[in-house]
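Dear colleague,

Please find below the structure that I am handing over to you.

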Amino acid sequence: MNLFYLLLGIPLLSSGILAFVGHARLAAGLNIIAGMLTFFAALGLSFEVFEKGTILLYGQSFFLDAFNVFLVSLTAFVSTTTAIFSYSYMLNEKEKSRVSPKSLRLYHAMFQMFIFCMLLALTTNNLGVLWIALELATLTTVLLVSLYRTPKAISAAWKYFILCGVGIALALLGTILIFSTSSEVLGHSNDALSWTLLYQNAERLSPNVMSLAFVFIMVGYGTKVGLVPMHTWLSDAHAEGPTPISAVLSGLLLNVALYALVRCKVLVDIATKQNMAGELMIGFGLLSLIIASLMLHRQYDIKRMFSFSSIEHMGIMTVAFGIGSSLANFAALLHMTVHSLVKSGIFFTVGHAVQEMGTQSMTKIRGLIHHQPGIGWGLILGTIAIAGFPPFAVFASEFMLIAAALQTYPWIVGLILPSLVIAFAGLFRHLQPMVFGVPPEECEVVRVNMLPVYIHLGLALVLGLAMPEFLADWYNYAAIVLHGGAQ
Amino acid sequence: MSSELLKQVMSTAAALFLLTSFAMLAQRHMKALLRWLAIQGGLLAVTSALVAFGAEFPELYVSAILALILKGILIPWVLWKIIIHLGVHREVEPLVNIFATLLIGAGLVLFSFYVSLPIAEQSVLLTSNIIAIGLACVLISMLIMITRSKAITMVVGYLAMENALFFMAVSATYGIPLVVEIGVAFDVLIAGLIFSLFFFQIRKTFDSLNLKDMEIKQ
């Protein structure tokens, strides 16, 4: 109970404090400490959930179950390692005077605020508050995307703001529709939006209204997940913002948006007693997977390329959740975890590589492995992991997805497998010269901290080789909860 | 107020709301556009107050007051000040001509009614008309955003969309829970602040608020 105070309190409080800390090193250090404390609180809570099962806090306001508790820990963990990476990255940027002290203050404050929003979105039991937290998460990151104040950055941030603003407004419309039917069942109060109660009473909700609501929620939260065709903000925002922000956007925010979508999907499944919601998700997911894997080939900017890879993987997860069998849900949850770890690790490496070469253009980044081997190896291993090579857990989750698809919708395997191959080719054709080419003369040696990258990749490896039992139990339990309504 | 009377009042309010949406769609002048936005906010406040009175949901008075202050007065006024300050208060430049836009708008209304047909017989509380009109207003606001080229008109469209959502919440469900309502209002307020920040950034960087100038060659 007290740990829960800490979990939400630390990021909120430190966001307030960091807004006034002008000293760059001190602020970056405080950012790391705040991240670590939040992470410990999250670990403690995970332990509680492990011992007691689902916990409800403050009546019905907040809850932790197997589905969100691992996402809470993951969010806290990746935000901590991102803070560690951001320490060296932001100091480098400051030395090159790409950021002013004032925007650095904004950056640190908003970073913690962003973490707070995501944790709030994950732990709240109220679909309305979930919406509010997700919208607030957009608002906090908009200013970070435009941090460098370049024309491209401002135009990217504007696009991000408008598209996600409109998208998420549609999700609010969906939430209102859910409320319109649930308030007849559960009474006109907060209860009618609380997920645990909705889950118990979902059979009594009107199937027609829930189907209509889900269409809006799908498009709304789908915009934030970065599903094609609402994905256009994602690549711009990732490419133009500071790299630590790209890492948390890709690694965490997309997950949280997908989490929101899946929570609603379960309710719709039970209410409609069909897999209509799931099929909609499969459609969007497949489209994202196919388009993104093709787009990978046509990229010139390294961060933009990896953002398309994020779209591809979000597509995979959406398909898996859409299939909705226990095995597919398990695959999706595992994929969610590993994708966060690996993709944020890749963005850390890319951030260093870009600082080293002084450009984001892939035609100018050459010979990373010769110049600073740590960065080169990090990029190779990260790309191998994300492309789904065996020892890493991405392979395991994609394998499970295909197994699950064969049992339910066999024809989609014919689309998934070629897309994975195309994506693989797209990544490696760009990667090879960047890592093994001849390094240009004007590149510089930068302050590098590869520790977070190797921790992330190590975890992805462990998950692929020997998944801890408690995690597998959680995934299993969550997979069954989510399977609840699907036929 | 009897529930039958309340339903009729709601239907009238919904019709008026749709009218304001179309009025905004047809506007050529920035000043008139903002005036209609303010009227729409006011209408939202009046509707909330009526529901609060008619259905005896006193907490809706709070949202009525919030709507009146924020959406009816503060936001349109601040936008107007910004527009004057940036000197962009002349004509709105539509990308598609107004007549065609209005036709598309009418099509959207038909579409919304079609989509919400299955809900019609389900509910005791809400009439499908109100859902349909709310949906139509949301879609028309999106149309406003799509067919105008200035950053400010885009924001007006965004705010009109929020208004439409709130209207739907009030008329179709007698208001979402107060916590959520206040949270959403807070989000919209912050969004408004960030929008105005952006106007200045965009203006400074691109020397124009026309979104056509913001497209960057990759």
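Helices are DSSP runs of H or I with at least four residues and strands are runs of E with at least two, both numbered from the N terminus. This is a predicted model, in which local features need pLDDT of at least 70 and side-chain atom pairs count only at pLDDT 80 or more, while totals for chains, interfaces and linings use all residues. Residues are numbered from 1 along each chain as its sequence is written, and chains are lettered from A and ligands numbered from 1 in the order in which they are written.

I begin with backbone features of chain A. Arg149(A) sits in the loop between α5 (127-145) and α6 (151-186) of chain A, and its phi is near 60°, a positive value in a residue other than glycine. Arg149(A) is partly exposed, with 15 other C-beta atoms within 10 Å; with C-beta atoms placed from the backbone, a residue is buried if 20 or more others lie within 10 Å of its own, exposed if 12 or fewer, and partly exposed in between. Lys273(A), in the loop between α10 (243-272) and α11 (276-295) of chain A, also has a positive phi, near 55°. It has 13 other C-beta atoms within 10 Å and is partly exposed. A cis peptide bond, with omega about 5°, joins Val228(A) and Pro229(A); Pro229(A) belongs to the loop between α8 (207-225) and α9 (232-240) of chain A.

The next point is helix packing. α5(A) and α6(A) pack at an angle of about 175°, with their axes 9 Å apart. Here axes are lines fitted to C-alpha atoms, for helices over the stretch in contact, and angles run from 0 to 180 degrees between N-to-C directions. Among the residues that make the contact are Trp131(A) and Leu134(A) of α5(A) and Tyr160(A) and Phe161(A) of α6(A); residues are in contact if their C-beta atoms, placed from the backbone, lie within 7 Å. By class, this contact of α5(A) with α6(A) has 15 nonpolar, 3 polar and 1 charged residues. Ala, Val, Leu, Ile, Met, Phe, Trp, Tyr, Cys and Pro count as nonpolar, Asp, Glu, Lys and Arg as charged, and the others, Gly among them, as polar.

Two further helices deserve a description. Helix α18 (451-465) of chain A has 15 residues and reaches 21 Å from its first C-alpha to its last, close to the 21 Å expected (1.5 Å times one less than the number of residues). Its buried residues include Pro452(A), His456(A) and Leu463(A). Seen down the axis of α18(A), the buried residues fall within an arc of 130°, so they line one face; the arc is that of the directions from the helix axis to the C-beta atoms. Their cover includes α3 (66-95), α13 (326-357), α15 (373-387) and α16 (393-408) of chain A.

In α4(B), the buried residues are Thr101(B), Gly105(B), Leu108(B) and Ser112(B). They fall within an arc of 55° seen down the axis of α4(B), so they line one face of the helix. On the other side of α4(B), exposed residues include Phe99(B), Leu103(B) and Tyr114(B).

Finally, the contact between the chains takes 37 residues from chain B and 35 residues from chain A. On the side of chain B that touches chain A, the largest share, 13 residues, comes from α7(B).

With kind regards

Technical notes
Contact = placed C-beta atoms within 7 Å.
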